Amino acid sequence: MATASSKGKRTNGGKSVNRSTMVNENEGTTVFINARLIDPASNRDEAGGLAFRDGIITDIGPHLRRNAPDASHVIDCRGCVLAPGLIDAQVFVGEPGAEHRETLKTASMAAAAGGVTTIVVMPDTNPVIDQVALVDFIQRRARDNAVVHIATMAAVTKGLLGEEMTEIGLLKRAGAIAFSNGKTTVANTRVMRNVLNYAKDFGALIVHHAEDPYLSGNASMNSGEVATRLGLPSVSKHAETIVLERDVRLVEMTGARYHAATITCGESLEVIRKAKEKQLAVTAGVSINHLALNENDIGSYRTFFKIRPPLRADEDRRAMVEGIASGDIDIIVSSHDPQDADVKRRPFAEASDGAVGLETLLSAGLRLVHAGDLTLMQLLKALTCNPAKLLRLDSGRLVKGAPADLVLFDPDEPWVVNKDLLKSRSKNTPFDEARMQGRVLRTVVAGETVYEYAGVART
Amino acid sequence: MAASEKQQVRRYPHRHLLSCEQLSAPDINILLDIADDLAEANRARLAKRDILSGRSLINLFFEASTRTQASFEMAGKRLGADVLNMNVSTSSVQKGETLIDTAVTLNAMRPDLIVVRHHAAGAVELLSQKVDCSVINAGDGAHQHPTQALLDALTIRRAKGRIGGLTVAICGDIQHSRVARSNINVLNTLGANVRIVAPSTLLPAASDRLGAMVYTDMTEGIANADVIMMLRLQRERMEGSFVPSTREYFHFFGLDHEKLARAKPDALIMHPGPMNRGVEIASTVADHSRSVIREQVEMGVAIRMAVLEALAGNLPNE
C-alpha cells in the first residue's frame, strides 16, 4: 500500500486517529486509482478509480484507473479491492455503564480497523437506551469521540424487560435508527403484537433476538452430542425457530417491519424464506460467528466461543452460508460483544456470552470466499448495500453523491490474528491465533482516512 | 508387593485424572489392578503404607459431599499423605473469589495433589490449567466423575471376573448424571454392552450418540442384563418438572423385584449412593443378596488410593 501523492502522508503506525486531526484529504479532490472497484449495489466489479471531495463521491469508473486529473491527492490502490465501507447492524458497547469493556471511541477504532464505517450500537447498556435523553447521549458521545458513523438502536421495551413499550415515536425522532430488545426476547406475545402494531405507524424497524427464554433457561450451548458429552445445560435450535414463527405470524397480523437479528439454523431460514414469499416486510441477519464457526470449536470448554445464540452444528453453519449465497439472509453482523477476562475465565456455564468481532469481520468472511462457499460480491452485499437498505442509510454504495465511506482491502494478504493487537478494549476474540487470508488496508469515513494498515514492509 | 511390580511394568501415563473419555483400556486396567491389590490389603488391615508420606493432598469441595470426600480423605491417609479438607462452598467463594483465584492461591501453598468437586462442568479442568500439582476430578457438574466409574468397574470385575461382553444397564437420570457419562466411557472402553434407561425427559440430547443403546421402557432396558446400575434422582427433579411424581417414577423406573426378574438371575445390583429408597430402588432390592452397593463404597477407597498412588508416581522428585 503506497500513497502516491506528493503531499502524501501516512497515518501514524497504522493507528486510527481522530477525524479532527485528519484534515489533508478534506481539501480538494482525492482520487483512489488502480483499484478493483466492487459495488454490490450496482453489481460493479471492474478495474478503475474513485474520486471524492468534501466527503462525497464525485466520480467513479474505469476512466479513473490510471488518470486522476485535477486531483489534490492520488492514492494508488495497487489493484486491491475498493468497496463501500462495511455497515455493521449489531454492535454491543460498554458505554454507558461498562466502559472498561468498550467505549464508543474504542469500538469505533476497532470498527475502523475492520473496514467498518457505520456501526449500530445496541441498547444493552447500563442504563438501557430506552429514553430520548440517552439516545442524545450516545449521539453526542459518538460525534465527539468516534472515528466512524455510529447509529443508535433504541430499546423497544423499557429496561429491555419485555413488558412496557418505549416511546418509539419520540425515540425515532431523536435519531434511533431501529428498535430492539437487545439480547433478550420479548416472550410475552401480547406485548410483541402491540410493539409491532404501534411501530408500524412510525415505519420503525423492529429488530428481534428470537429465542424462547423458557426453553433456553440457563443453557450455555447448543443442544446435541457435544453438549451432552461436556455435560453442559443446552438449548435446542428450535427455541429460536418457535419464536421466529410466532413473530412472522404477528408481522402478518400487523404489517410491521421486522428483522430477525441473528438466525442460526436451517429451520429458521425456512421460516424467513416463507415470510418473504408472502411479501412480508421480514428480513434476517446472521452473525459472522455462525458463518465461520460451529459448536465443535468449543472443544474442551473454550469460553471465548460461548456466544448467544450459541454456536450450532456444522450443518446449521452451512445452511447459514447458503442463506447468504441465496440472498434469503439479508445481512451479516459482527455481533461484536466485548467481555473482559474476568467474566470469561470462568467455568463455561458461568462465563459470559459474547465475542468481539469488528476487526475480524471481513477477514472471517473472506474465509468463506476463499473456500469457494461465497463470492466476494455475495459477501460484500450482505455487509454493505443490504444493511444500508434495511437501515435506510445513503451509504453502502459506490455512486456519485453517496458518502465517501470506503474500505480498501487486499483479499489475499495472509495474517495471523493476535488478540493483543486488537484495538477493542476487550480481547475476547474466538479467532485468536487464527490464520486469515485478506485484510483491511485503509478505511475512509466521510472522505477521511480513519485507519491505515502500516503492515510489514513490502517491496 | 504385587502392586508395585505391576506399576513398574506399566506406569499410569497421565498427570491428572479429569475425565474417563481419554482413558485407554490399559490405563484403566493399571488402576483396577493396583486397586484390586489395595482392596485386599485394606481387608487384611495391613499396616498403613507410606507411599504418600510427606506429600500433601487438598480435598477442595465446591459442592457439599460426605461420602466422596470421606473416601478420598481415607484413601489419602491410608497412603500416609497429609490431608487438608477445604469446603469452599462455605468460604472464599461466598466472598466472591473466582475459581481461578482460588486455584492460584492454593497452588502457592504447593500441594502435591488436589481433589476437586465443583458444580460446573469443566471447572476442574479449568482449575488444572492453573496449578502445578496433579488434579483429580471428584465430580464436575453433569460432566464426569471418574473415580466413581472406576470403582464401579472394579466392583463388577471382582464380582463377575470380567467386564468385556457383559450387558450393563444404567437406569435413571442420565441427563444430569456425571456418573452415567463416566460409566458409559469406561464400560465401553472395556468392551461391555452398555444400555441407558430413562424417561425421555431425563435423557440428554443425542443420547443415541453416546455409545449406548437407549431404552425408555425399563422392563426392556434391563432384560437379560448382567449388571443393573441405578442412578440417584435429585429431589428437585422429582415433583413435576422432569417426572410427574415419585410414585409414578417408582412405578415405571424404580428397581423392584418384578423388574429385577427380567434381568439375568445372577445380575448385580448397583447404586452410587446416596439412595432414595422407594424412589429409584425398592428398599428390599437395595438390600438384596445380589446388591453390591456396600462393596462399591469399599472399592471407592481402594480405587482412590490407586489413583493417588498412580499420580504420585508421576510427581516430580519421585
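Select chain A to begin: it holds 14 helices and 19 strands, where helices (H or I, at least four residues) and strands (E, at least two) are DSSP runs numbered from the N terminus. The model is predicted, so local features need pLDDT of at least 70 and side-chain atom pairs count only at pLDDT 80 or more, while totals for chains, interfaces and linings use all residues. Residues are numbered from 1 along each chain as its sequence is written, chains are lettered from A and ligands numbered from 1 in the order in which they are written, and side-chain values use heavy atoms, with hydrogens and water left out.

**Chain A as a whole**

Orient chain A along its principal axes; the C-alpha trace spans about 65 × 50 × 40 Å. Its radius of gyration of 21 Å agrees with a compact globule, because 459 residues would give a value near 23 Å. This radius is taken over C-alpha atoms, and the globule rule is 2.2 Å times the number of residues to the power 0.38.

**The two domains of chain A**

Next, colour residues 22-83 + 404-424 + 434-452 of chain A as domain 1 and residues 85-391 as domain 2; such bounds come from an automatic or database domain assignment. The centres of the two domains, taken over C-alpha atoms, lie 28 Å apart. Domain 1 of chain A brings 35 residues to the contact and domain 2 of chain A brings 33, contact meaning heavy atoms within 4.5 Å.

The two domains bury about 2,500 Å² between them, 71% of it from carbon and sulfur atoms. Buried area is the accessible area (1.4 Å probe) that two parts lose on being put together, summed over both. Select Pro40(A), Lys423(A) and Ser424(A): they supply 23% of the area that domain 1 of chain A buries against domain 2, more than any other three residues.

What joins the domains in polar terms? There are 12 residue pairs in polar contact between them (both at pLDDT 80 or more). A polar contact is a pair of N or O atoms within 3.5 Å; within protein, one must be able to donate a hydrogen and the other to accept it, and residues adjacent in sequence count only if both atoms are side-chain atoms.

Now display the strands on the domain 1 side. Those giving two or more residues include S2 (29-39), S3 (44-53) and S18 (435-445) of chain A. S18(A) gives the most, with 9 residues. The residues of this side divide into 21 nonpolar, 5 polar and 9 charged; Ala, Val, Leu, Ile, Met, Phe, Trp, Tyr, Cys and Pro count as nonpolar, Asp, Glu, Lys and Arg as charged, and the others, Gly among them, as polar.

**Chain B**

Move to chain B, which has 12 helices and 9 strands. Its C-alpha trace spans about 55 × 50 × 35 Å along the principal axes.

**Between the chains**

Finally, show both chains together. Chain B contributes 20 residues to the contact and chain A contributes 15. About 1,400 Å² is buried between them, 56% of it on carbon and sulfur atoms.

Which side chains meet in a salt bridge here? Zoom in on Glu225(A) and Arg209(B), whose side chains meet at 2.9 Å, N to O. On the chain B side, helix H4 (99-108) and helix H5 (123-128) each supply at least two residues, and H5(B) has the largest share, 3 residues.

Note on methods
Salt bridge = Lys/Arg side-chain N within 4 Å of Asp/Glu carboxyl O.
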